[in-house]
Amino acid sequence: MFDTTIAGSLPKPAWLAETEKLWPKWRLEGDELQQAKLDATLLWIRAQEDAGLDVIGDGEMSRQHFVHGFLERVEGIDFENKVEMGIRGDRYKAMVPQVVAPLKLKGRVHEAEARFLRAHTAKKIKFTLPGPMTIVDTVADRFYGDRVKMAFAFAELLNQEALALQADGVDIIQFDEPAFNVYMDEAADWGVKALERAAEGLTCTTAVHICYGYGIQANIAWKQTLGEEWRQYEKIFPALAASSIDQVSLECIHSHVPPDLMALLKGKDVMVGVIDVASDQVETPEEVADTIGRALQFVPKERLLPCTNCGLAPMSREVAEGKLRALAAGAALARQRFGA
């Protein structure tokens, strides 16, 4: 009960990349960089295990950014001539690659890090991929001329890699869809269908992560415009409850999401965000257990999985490690309170 996990990303060590940045530059090149990525992956595998987490991820150490890490292995994308574009509903500007030709995988995307993760922990492992709608929102289209058509083209490629990750021994494959909280009508209309296409044929556990973004200033400022109640999930959750996806990861602690919206996910496992990624204040085990207790009013205890609100990539390593320990300790306290 209350198996703990992270949303996905963790801070990159200073010897690997720039620190406390969402789009960090690598410190190394070539073979040295590839080895350093795996070294950093091992560091965070051990840190998660030492903290006491139940489901282990790779921390996305091999990816500069959670979307671009996938796109770098896709033909038809021009990374040489990036353009500035407003993403997530023009919440902030980013330099993004351009889709200029039919999309096709160049080969395996995450084979090395997935197999490395599987080989270095006996615990369940989770691997994250960007969702189709979020990818579409993070590239400039110069070829398809249709967001839905391009999303399903990406979904097909994601599905190829997801099936291969499953064969690598991954227990849970999670698709990250922060765009679902921005384009709610489209998400309910075609976004969930594209997500299901990405997960088609998988027999391992499937998950989707929908948050209000990393703890960067642009996201913090956006949250301040959302009012006293954040009801974005209300439009998406019914469609997800009717979908084939097994788990839904959502933001909870220190948010204005009405907790009763979790009841809309009846029949799904719910990864409840009990760790705030927009604050350097490390939660106490009591705070984590209290958040779990509030969620239990709307989620059966056998379906509740304590998680982080979002990725921890832009944080300091010290703070992230403290939050991992708080996550595990809080879940342990909740088991005592609410019955193991």
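## A tour from Glu-60 to the cores

Select Glu-60 to begin: with a relative accessibility of 4%, this residue counts as buried. The model on screen is predicted. Glu-60 sits in the loop between β1 (55–56) and α2 (68–71). Check its backbone. Phi of Glu-60 is near 55°, a positive value in a residue other than glycine.

**Phe-2**

Buried or exposed, with what relative accessible area? Phe-2 is buried, at 1%.

**Asp-54**

Asp-54 lies in the loop between α1 and β1. Its relative accessibility is 24%, so it counts as partly exposed. Show its neighbours. Then draw a distance from Asp-54 to Pro-97, C-alpha to C-alpha. The two residues are 43 apart along the chain, and those atoms are separated by 36 Å.

**Helices α1 and α3**

Select residues 30–51 for helix α1 and residues 111–119 for helix α3. Look at how they pack: the angle is about 35°, and the axes are 10 Å apart. The crossing of the two is right-handed. From α1, show Leu-38, Thr-41, Leu-42 and Ile-45; they meet Ala-112, Glu-113, Phe-116 and Leu-117 of α3. Colour this contact of α1 with α3 by class: six residues are nonpolar, one is polar and one is charged.

**Helices α6 and α8**

Helix α6 covers residues 184–198, and helix α8 covers residues 233–241. What angle do they make, and how far apart are their axes? The angle is about 25°, with the axes 9 Å apart. The two helices are therefore roughly parallel. α6 passes α8 in a right-handed crossing. On the α6 side, pick Met-184, Asp-185, Ala-188, Val-192 and Leu-195; on the α8 side, pick Lys-235, Ile-236, Ala-239 and Leu-240. Seven of its residues are nonpolar, none is polar and two are charged.

**Helix α9**

Select residues 285–295, helix α9. Which of its residues are buried? They are Val-288, Ala-289, Thr-291, Ile-292, Gly-293 and Ala-295. Now find the cover over them. It includes β9 (269–275), β10 (304–308) and α10 (317–338). Show these elements one at a time around the helix.

**The nonpolar cores**

Finish inside. The largest nonpolar core has 113 residues. Start with those that have the most contacts within it: Phe-70, Leu-103, Phe-154, Ile-173, Phe-175 and Leu-240. Leu-240 has already come up, in the contact of α6 with α8.

Centre the view on Leu-103. What does Leu-103 touch, not counting residues up to four places away in sequence? Its partners are Val-74, Glu-75, Gly-76, Ile-77, Tyr-144, Met-150, Ala-153, Phe-154 and Leu-157. One of these, Phe-154, is also among the residues with the most contacts inside the largest nonpolar core.

Last stop: another core lies apart from the largest one and has seven residues. Select Ala-7, Ala-207, Leu-305 and Cys-307, which are among them.

Definitions and conventions:
Residues are numbered from 1 along each chain as its sequence is written. This is a predicted model: local features need pLDDT of at least 70, side-chain atom pairs count only at pLDDT 80 or more; totals for chains, interfaces and linings use all residues. Side-chain values use heavy atoms; hydrogens and water are left out. A nonpolar core is a set of buried Ala, Val, Leu, Ile, Met, Phe, Trp, Tyr and Cys residues joined through side-chain atoms within 4.5 Å. Buried means under 20% relative accessible area, exposed over 50%, partly exposed in between (1.4 Å probe, protein chains only). Contact means heavy atoms within 4.5 Å. Axes are lines fitted to C-alpha atoms, for helices over the stretch in contact, and angles run from 0 to 180 degrees between N-to-C directions. Helices (H or I, at least four residues) and strands (E, at least two) are DSSP runs, numbered from the N terminus. A crossing is left-handed if the near helix is turned anticlockwise from the far one by less than a right angle, and right-handed if clockwise. Ala, Val, Leu, Ile, Met, Phe, Trp, Tyr, Cys and Pro count as nonpolar, Asp, Glu, Lys and Arg as charged, and the others, Gly among them, as polar. Angles under 35 degrees count as roughly parallel, over 145 as roughly antiparallel, 65 to 115 as roughly perpendicular and the rest as oblique.
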